[in-house]
Structures are given as structure tokens and as C-alpha cells.
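Let's take a friendly walk through this fold together. Have the viewer open and follow along as we go.

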Amino acid sequence: MPPEVLAWLLAQLGPTTPTDDLAVRFARLGSAKAVAGEVLAERRARMLADPLRITVPGAVTLDQSANLTGLERQLAALANEVAPDDAVTGDQGEEIAVTRFVRRFGRS
């Protein structure tokens, strides 16, 4: 996996994400966005498998619903992100046009 792809994945998924796991996924899936999407979808599934809110009356309340909302927003925003291995399509940058002007003599 190219270093710029790894850096982008760690920026999307957090610096503690195991890089070996990311490399295996990248080899299997072939794109950084697919890797990020798979990891985020797995994190979402893990959150949904456990109760989002636990309350022990008089002691503690643990609420993960805001974390789930943030994770779902991150998954939705992933489609608009530009990964370093994305193919460049459309008008993404500046173009330079060169024209040569030639003066014609002897014609009216």
C-alpha cells in the first residue's frame, strides 16, 4: 500500500487503527475508500450489537448514541472525500491552453 494511502486511511480512521489490517484490506478491496467504508461499517455494526444506552440508577449513565450518529455521518461523508488513489475525473484542476497566432501577408 502506498504511504499516502496509509496516511489518508489513518487520518480517516484514527492513528491507532492497525496498519497490518489496513494493508490486508487494501490488497483485497483495491481502494482506500472501500477500506475506510468497510472499517467504519464494522465499527457501526459493533455499536449496534451492544446497547447504546446503559443506566445504573444513582450511579452512572453510559450513552453511545452520539458516537453512533458521528460514525454514521462519517460513513455518509466518505462518498464525498477524495482519496489519494481515486482516479482524477472531470475538471479537477487548471488547464493551460496555448495558441499560436500567425499573420498572413498578401491577402486582403
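Which residue just after H2 takes a positive phi? In this predicted model, that residue is Gly30, with a phi of about 85°.

**The overall layout**

Of the 108 residues in the chain, 19% are buried. If you look at contacts between residues at least 6 apart in sequence, 53% of them join residues at least 24 apart.

Helix H2 covers residues 19–29, and its buried residues are Leu22, Arg25 and Phe26. Viewed down the axis of H2, these buried residues fall within an arc of 100°, so they line one face of the helix. Their cover includes helix H1 (3–13) and helix H3 (32–49). Turn to the face of H2 that points away from the buried side and you will find the exposed residues Asp20, Val24, Ala27 and Arg28.

A pair of packed helices is described by the angle between their axes and the distance between the axes.

| Helix pair | Angle between axes | Axis distance |
|---|---|---|
| H3 and H4 (residues 65–77) | about 155° | 10 Å |
| H1 and H3 | roughly 25° | within 10 Å |

Let's take H3 and H4 to begin with. An angle over 145 degrees counts as roughly antiparallel, and H3 and H4 are therefore roughly antiparallel to each other. H3 passes H4 in a left-handed crossing. On the H3 side, the contact is made by Gly37, Leu40, Ala41, Arg43, Arg44, Met47 and Leu48, while H4 brings in Asn67, Leu68, Leu71, Glu72, Gln74 and Leu75. Sorted by class, this contact of H3 with H4 has 7 nonpolar, 3 polar and 3 charged residues.

Now for H1 and H3. Angles under 35 degrees count as roughly parallel, and H1 and H3 are therefore roughly parallel to each other. The crossing of H1 and H3 is right-handed. From H1, the residues Val5, Trp8, Leu9 and Leu13 meet Ala32, Lys33, Val35, Ala36, Val39, Leu40 and Arg43 of H3. By class, the contact of H1 with H3 has 9 nonpolar residues, no polar ones and 2 charged ones.

Leu40 and Arg43 of H3 are worth a click in your viewer: both take part in the contact with H4 and both meet H1.

Notes: Residues numbered from 1 in each chain as written. Predicted model: local features only at pLDDT ≥ 70, side-chain atom pairs only at ≥ 80, totals over all residues. Heavy atoms only, no water. Buried < 20%, exposed > 50% of the residue type's maximum accessible area, 1.4 Å probe, protein only. Helix = DSSP H or I, 4+ residues; strand = E, 2+ residues; numbered from the N terminus. Arc of directions from axis to C-beta. Contact = heavy atoms within 4.5 Å. Axes fitted to C-alpha atoms, helices over the stretch in contact; angles between N-to-C directions. Parallel < 35°, antiparallel > 145°, perpendicular 65-115°, else oblique. Left-handed = near helix turned anticlockwise from the far one by under 90°. Nonpolar A, V, L, I, M, F, W, Y, C, P; charged D, E, K, R; others polar.
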